[in-house]
Amino acid sequence: MSNEKPHQNGKDANASITAGRAGETRGSPTIIGINGVPSVRRPNTCRQTISTATRLNNYATGQQSVDNLHKSTEAKSHCSETRCKGSFMLPNVRTNTQPRPPQDVLSHAQDFIDQYYKHIKRSETDAHAKRLAAITESIASTGSYQLTDQELQYGAKLAWRNAPRCIGRIQWTKLQLFDARGITTAQEMFNILCSHLTYATNDGNIRSAITVFPQRTDGQHDFRVWNILLIKYAGYQQPDGSVIGDPASVEFTKICERLGWKGEGGRFDVLPLVLQANGEDPEWFELPKECILQVKLTHPEYDWFAELGLQWYAVPAVSSLLLDIGGIEFPACPFNGWYMSTEIGCRNLCDVYRYNLLQTIANKMSLQTTSNLTLWKDRTLLEVNVAVLHSFQKARVTITDHHSASESFMVHMEKEQKLRGGCPADWVWVVPPMSSSLCPVFHQEMLYYSVKPSFDYQANPWLAKRNGAAKSAMRKGVTFKGAAVAVKYFAHKMKEALKQRFKATILYATETGRSKQYAERINRMFSCTFDSRVLCMEDYDVVELETETLILIITSTFGNGEPPENGEGFARHIAKLVRENQGDCPKVENGGGAQAPRLDCEKYCGGQRRPSVAEHQLNNPLIESMNDQPLPLSNLRYSVFGLGSTAYPHFCAFAHALDAQLGMLGGERLLEIAEGDELVGQEVEFLNWAENIYQEACDTFCIKRQDASDMVMGTVPTAPDSSWADEKFRIVPEAEGVRATDPHMALYRLHGKQTFPCKLLSCKNLQAPSSGRATNLVKLDTSEEEKLLYEAGDHAAVFPQNREELVEGVLERVDCALSPNDLIKIECREEKDDNNKDLNNKWVKYQHLPVCSLRQALKCFLEIAKPPPSQLLKIMAAYAIEPTEAEALVKLGRGGNKYDNWIYSQYPTLVDVFDRFPSLRVPAALLLTQLPLLKPRYYSISSSPSISPGEIHLTIAVVCYQTQNNDATRYGVCSNWLGSIAESNIVPVFIRKATKFHMPEDKVAPMILIGPGAGIAPFRSFWQQRRFDMLRLAQRKGTSQDLERLGDMTLVFGCRQSSIDNIYMSEMQEAKAEGLLTNVWTAYSRDPDKPKAYVQDLLFQNAHQVFELLSRLRGHIYVCGDVTMAADVSKVIQSIGVDVAKMSDEEAKYWVTGLRDENRYHEDIFGVTLRTAEVTEQKRRESYDIRKHRQSPTQTQSRERSSDNNNAV
Ligand SMILES: Cc1cc2nc3c(=O)[nH]c(=O)nc-3n(C[C@H](O)[C@H](O)[C@H](O)COP(=O)(O)OP(=O)(O)OC[C@H]3O[C@@H](n4cnc5c(N)ncnc54)[C@H](O)[C@@H]3O)c2cc1C
Ligand SMILES: NC(=O)c1ccc[n+]([C@@H]2O[C@H](COP(=O)([O-])OP(=O)(O)OC[C@H]3O[C@@H](n4cnc5c(N)ncnc54)[C@H](OP(=O)(O)O)[C@@H]3O)[C@@H](O)[C@H]2O)c1
Ligand SMILES: Cc1cc2nc3c(=O)[nH]c(=O)nc-3n(C[C@H](O)[C@H](O)[C@H](O)COP(=O)(O)O)c2cc1C
């Protein structure tokens, strides 16, 4: 016979607590665990002497482990040398409600903050020291301090991780926090608890959550939830002593009745919530039915089971414990997980002091119950558990069986052993109450100790010392004054209540501003429902990632599959996290940016996507990560929208990289990544994604969605209102004496870039006069700008000005009461408040532009040469007098194919728009607030600072082309402006480091430099730098041996004809003669005397030499210019691997990937610059076909209907 027997209700000081809790507090397996009992095999060693490393045996596997974690605890064990209290129900109950002494708070705080900063890998940094100092100061002055949101979230998860009685701790990183520290009343407590239950229930797909109410202050103002569980059945004691309902609830049911609640007297009446705010008398609230999911119990084989009328609720939410984090005590912190079936089947329904149904059901099963020898109890218990599992599964409500729970706990223990050197565990609670020895946990020795943060038992509130009033009231049996509150709360209200509870962070990275615009638009949509914010990746503190609930990523891709510059830091961080967490992540290529693992773009971008590691893991909750780390982002939901162009081989690669990496880190992808192709339908794809992700996010968080589609269609990027309206903005003259903002300061304010004023020294066309095209060598004087430093390979960014005829053309069609040369400011009306949208007369300065005139704004700060964004056209429609024009503008303003086609065929400037719509005149304020900013243009620097100190040289192909429909000539803004300004004019410049395109540190390494046309730009700086290096070496040592230490440089250049556009020909010849360049190979594509050749053809012709340089001599390859050319070169290098080294295609691919990983394959991509029209046309057609094919018919129809697919404008 086993010694297993149920716990007796203790009659000690906590008797009433015990009676109230028996089984139930234990009945929330995910958090608290379950009621196991000591077994004969359990070593009866007491737990008080655990200060040395303790060896733990597993008798099933024969394995041993050593627990060291317990050494970090200072908490005393409740056992003594002679007595083991291992089976006590409540060994440690905190009865003291007095606040902790400040010195204790401080020591707990230090310990916790150290843990937190170690966790975020900022231990012993300034931030860590500052935080400790602030806490110390706060404790010194107030006796306490506040945890930050991140600390609270981390602490709550850790408390769960540390809960020794919980078998479901493998899930500890997945805990949704409802931060209710700011609430003040019982009604607010009730509201948030309804939200908590709605979120946790999730139509049966249960999710773990915790609500944290305000912390203890002086001990007189505690917030408490009087219920032991948020949902629990009442127990009505009958005159004969029997109980209808749950006997474990008898005492609390009486309390509720005394407070004024009246139950219906049934077996399964849900008790009201009894809530105490700020130390005041408690109030009771009936839980709305919509918050309580219940499962009717049936049996898969016994039809009569349903007739028993049994049921149980879906969400076990423990509400009586105290959360202790960093010395701060939270006496009210209800949390939930989901059920393990034995909690209901064995404990709640069959314990003799609970529903006690064993005999009834055995009778129904016609079992012989007079003798234990028939094992009737075991057989009955088994069938009750079968019924529970069957019913929950049938109702699609999350539940786990005790075998699976035990197995997952063993996995958790093993992980914890590796990660922390131990895992506190209470064997008595962890071992399931049925079939114990069939579960692996039974055979595992465990060590029970307490580490902080923790969930602790505390005295029932009506017994708490300070609740004198409550206690006497209970004794007298009177109700509290004003305590009875019955609130009706309906489902739709519940969803309303969830609004703004969830944070959403929208992160963008952008080069030309489109992603930012999209991010702001979707933020407007989300802010209707979520507590949302929008941030650039570079302004985001990546430490926050772990505590985010929902992240939307909107990013473009640049270079050749790289992040935009302001996404690089984020990319690096994510890549580092992946490396730390995924030991062995898939071999990857492109997309992650500097030092990021390179993602295999074919895998993510082309054809069918294979499931990511994360997807695989999501389907397999036991495998959290490859190296046992808990995945850091397992609480995160996310979705990614990528902006890109199919003209680039690595379409949206950075977005794909992030999408995959967030998944690998445990994030839950709410929606498949969406891509917006700049060539076709970017806007339409964005709108589709925005709508879908909004819907999905609302569903996920059980929030009532608003009709917010107008918000995302809206236009105003930073205005206080979501739609532009004439009466909301005005232009007024600047006050007398105010001076125009210094142009460099103005650019700094607008773009956050510190520019340097450089004088134009000269601008010389390098092409022959007969060419018809121009490539200028632009020299800038930087001699007065000491801080302007660069290296060969870096980029210079230039802020250009718009052509005069465009500026004047726009001015002619703008309504402005002031002269275009007057200094002006924009003002907008301040709204009264959120609820009252009436406008008042208070005008406030609209901080968009610096102090300038209208003419200067159009010339220097705003984009007027590019087609206006579709949303601007939509607003402009209101100003067209002619109805047909207004209608056409509205259609274009919807974006979509019509807009795309128009842009593509005509590439209209703002002036062209005015020409096309003659009745259109617009207010100046509209343009000043809505036009995109004029962006800087990047140029690869063509000089070496050592050879040309005080100067920057640029090689600039002048952009000038016919529109697709051959109607007009278009001029690139910057390339033409630089070619048109007089010497000594000021050019605002800043430097962008291109560290990945610098010359090799190892100067012996040979280099192959490939740059057709303007792509030669950076290589001029290389050969100049080489000249300097050689001179320096010669000066220092002067021996020929030293000169040999510089590696070979082979330049591969391409142009049309030697006599026309072989720019720098003489300089190259000189450099070769000096020995700076070892080889110069030139490909002529249109030379009448030569066969057409491109740079990649020359590489192939010299395949053996190329392979020798790259492979045996470990050389570097540099490719600069057009993206198609760069992709072709990459393919040719691969084919050289196949041809020369007889590699397979796959091996050659990996060889090239290896060159990139070793930082020996460098690319500097200008964009689609060679044969732009032809390439764009082809890619556009392909992209359009793919998109049409991919879109579901309904999506296509609905979007295209709204964008009106009629091309005629
Ligand atoms: C990292 C980097 C380095 C660069 N280095 C250099 C360099 O060293 N030298 C250099 O010359 N350029 C370089 N560029 C390109 C340069 O930044 C500018 O894009 C280029 O000078 C054009 O700018 P723009 O203001 O004159 O033209 P914009 O006013 O910006 O107009 C260019 C736009 O016109 C459109 N367009 C151009 N040609 C056609 C066509 N045939 N058909 C249809 N549409 C067309 C395209 O949409 C294109 O984006 C570099 C770019 C990058 C990203
Ligand atoms: N952002 C922009 O829009 C932008 C930026 C910079 C330059 N541009 C424009 O692009 C043009 C480029 O001028 P450029 O002087 O740099 O070059 P280019 O003179 O047009 O071309 C240089 C050489 O490259 C060849 N070429 C074309 N496609 C190639 C490919 N896929 N692979 C390898 N070689 C290829 C050309 O041959 P072909 O005989 O076949 O042409 C030519 O021999 C300028 O007219 C300028 O207006 C535009
Ligand atoms: C120099 C350059 C390089 C680019 N490289 C890529 C690329 O590798 N992959 C891609 O999909 N798109 C690429 N693009 C296209 C941009 O991602 C696209 O224009 C996007 O809409 C820009 O969004 P943004 O304004 O938010 O930066 C590139 C564009 C330029 C100008």
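## Contacts of ligand 3

In this predicted model, a backbone N or O atom of glycine 561 lies 2.8 Å from an oxygen atom of ligand 3, which is a polar contact (a pair of N or O atoms within 3.5 Å). Glutamate 511 also places a backbone N or O atom 2.8 Å from a ligand 3 oxygen, and for cysteine 652 the distance is 2.7 Å. Ligand 3 taken alone exposes 640 Å², of which the protein buries 91%; accessible areas come from the Shrake-Rupley method with a 1.4 Å probe.

## The surrounding shell

Around ligand 3 there are 24 residues, and Thr510, Thr512, Ser515, Cys652 and Glu678 come nearest. A residue is near a molecule if one of its heavy atoms lies within 4 Å of it. Strand E44 gives the most to this shell, with 3 residues; helix H15 (514–526) and strand E23 (637–644) each supply at least two. Helices (H or I, at least four residues) and strands (E, at least two) are DSSP runs, numbered from the N terminus.

## The sheet containing E44

E44 (1161–1167) is also an edge strand, as is E42 (1079–1084), of an open sheet of 5 strands with parallel pairing, ordered E42-E41-E40-E43-E44. Two strands pair if DSSP finds at least two bridges between them. Within the sheet, 4 bridges join E40 (residues 1007–1010) to E41 (residues 1049–1055); isoleucine 1010 has valine 1052 in E41 as its bridge partner.

## Basis of the values

Local features need pLDDT of at least 70, side-chain atom pairs count only at pLDDT 80 or more, and totals for chains, interfaces and linings use all residues. Residues are numbered from 1 along each chain as its sequence is written, chains are lettered from A and ligands numbered from 1 in the order in which they are written, and side-chain values use heavy atoms, with hydrogens and water left out.

Definitions and conventions. Polar contact = N/O pair within 3.5 Å; in protein donor to acceptor, adjacent residues only side chain to side chain.
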